[in-house]
Amino acid sequence: MHQRPRGAVTATNEPSELGGAGAASLATGVTRSPEATRAVGRALAVLSQPGDVVVLAGDLGAGKTTLAQGFATGLGVTDPVTSPTFALMRQYRCALAPVQALLHLDLYRLDRLAEVADLGVAQLVEEDAVALVEWGDVATSVLGDDLLTVWLRPGAEPGERIVELWTRGERWDGRAGELRAALRAGASRP
Ligand SMILES: Nc1ncnc2c1ncn2[C@@H]1O[C@H](COP(=O)(O)OP(=O)(O)O)[C@@H](O)[C@H]1O
Ligand SMILES: [Mg+2]
């Protein structure tokens, strides 16, 4: 199952609670190339709204940053998106309204849940931004009530990734159909 990052925030969720307490699995697909994973990211970005917090879960090399690159493209970000591991958070300006900024976080190096809580991610995005949080699945208790979690894991073949969407909270309820469609942008059924 899902491996916890070494040295990262103490795990708070059982695998059955991936996406955080109260989350439900919505849809699963398979991508067969990094470009297909980027396409899923782009499609998710197009339906994102200011105030959204999106968790990217999965082991090192699963494809979290790859999906984030597609997501950024979908918001009209032109700067190259790289792993924010050493920066904790990077901010990108978006060319496409209504989302004005993309916050890209990586919690891999944080070792206390309080540090994540102090970031106040749900407040940071409130006005006009969207947050993508790599390794955020270990901190769902402090990332706000409403979350979309994208869980990436290796598929049967090299170059394959299983992409599973989890949601919690009313914010995402009305977008279930769109989320399933976004997954189909790059993925096929497992
Ligand atoms: N279907 C796929 N989706 C995403 N990445 C893939 C896929 N197949 C192979 N890869 C490779 O896996 C690696 C994923 O790296 P990255 O996105 O940085 O992972 P993470 O941020 O989860 O550590 C990249 O080298 C990418 O080219
Ligand atoms: Mg990464």
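This report walks through the fold of one predicted protein model and the surroundings of its ligand.

## Before you start

Residues are numbered from 1 along each chain as its sequence is written, while chains are lettered from A and ligands numbered from 1 in the order in which they are written. Because the model is predicted, local features need pLDDT of at least 70 and side-chain atom pairs count only at pLDDT 80 or more, whereas totals for chains, interfaces and linings use all residues.

## The overall plan

The protein has 6 helices and 7 strands. Helices (H or I, at least four residues) and strands (E, at least two) are DSSP runs, numbered from the N terminus. Along the sequence they follow the pattern β-α-β-α-β-β-α-α-β-β-β-α-α.

Of the 190 residues, 46% count as buried. A residue is buried if 20 or more other C-beta atoms lie within 10 Å of its own, exposed if 12 or fewer, and partly exposed in between, with C-beta atoms placed from the backbone. Two residues are in contact if their C-beta atoms, placed from the backbone, lie within 7 Å. Among contacts with a separation of 6 or more, 72% join residues 24 or more positions apart.

## The sheet

The 7 strands form an open sheet with mixed pairing, in the order β1-β7-β6-β2-β5-β4-β3. Two strands pair if DSSP finds at least two bridges between them. At the edges are β1 (24-31) and β3 (89-93), each pairing on one side only. Ignoring direction, neighbouring strands are turned by 20° against each other on average. Axes here are lines fitted to C-alpha atoms, for helices over the stretch in contact, and angles run from 0 to 180 degrees between N-to-C directions.

Strands of a sheet pair through backbone hydrogen bonds, either parallel or antiparallel. For a parallel example, look at β2 (residues 53-57) and β6 (residues 147-154), which pair over 4 bridges. Leu-56 stands opposite Val-150 in β6.

## Helices on the sheet

Helix α2 packs on the sheet and touches β2, β3, β4 (101-106), β5 (129-134) and β6. The direction of α2 makes about 165° with that of β5. Helix α6 (residues 176-184) lies across β1 and β7 (161-168), and runs at about 15° to β1.

## A closer look at α1

Helix α1 has 13 residues and reaches 19 Å from its first C-alpha to its last, close to the 18 Å expected at 1.5 Å a residue. That expected span is 1.5 Å times one less than the number of residues. Since 10 of its 13 residues are buried, α1 is largely enclosed by the rest of the structure. The cover over these buried residues includes β1, α2, β7 and α6.

Pro-34 also belongs to α1, but Pro-34 is partly exposed, with 16 other C-beta atoms within 10 Å. The C-alpha atoms of Pro-34 and Arg-161 are separated by 8.9 Å, although the two residues are 127 residues apart along the chain.

## Around the ligand

Ligand 1 is surrounded by 19 residues, and the closest are Thr-37, Gly-63, Lys-64, Thr-65 and Thr-66. A residue is near a molecule or strand if its C-beta atom, placed from the backbone, lies within 6 Å of it. Helices α1 (34-46) and α2 (64-74) each supply at least two residues of this shell. Thr-37 is also one of the buried residues of α1.
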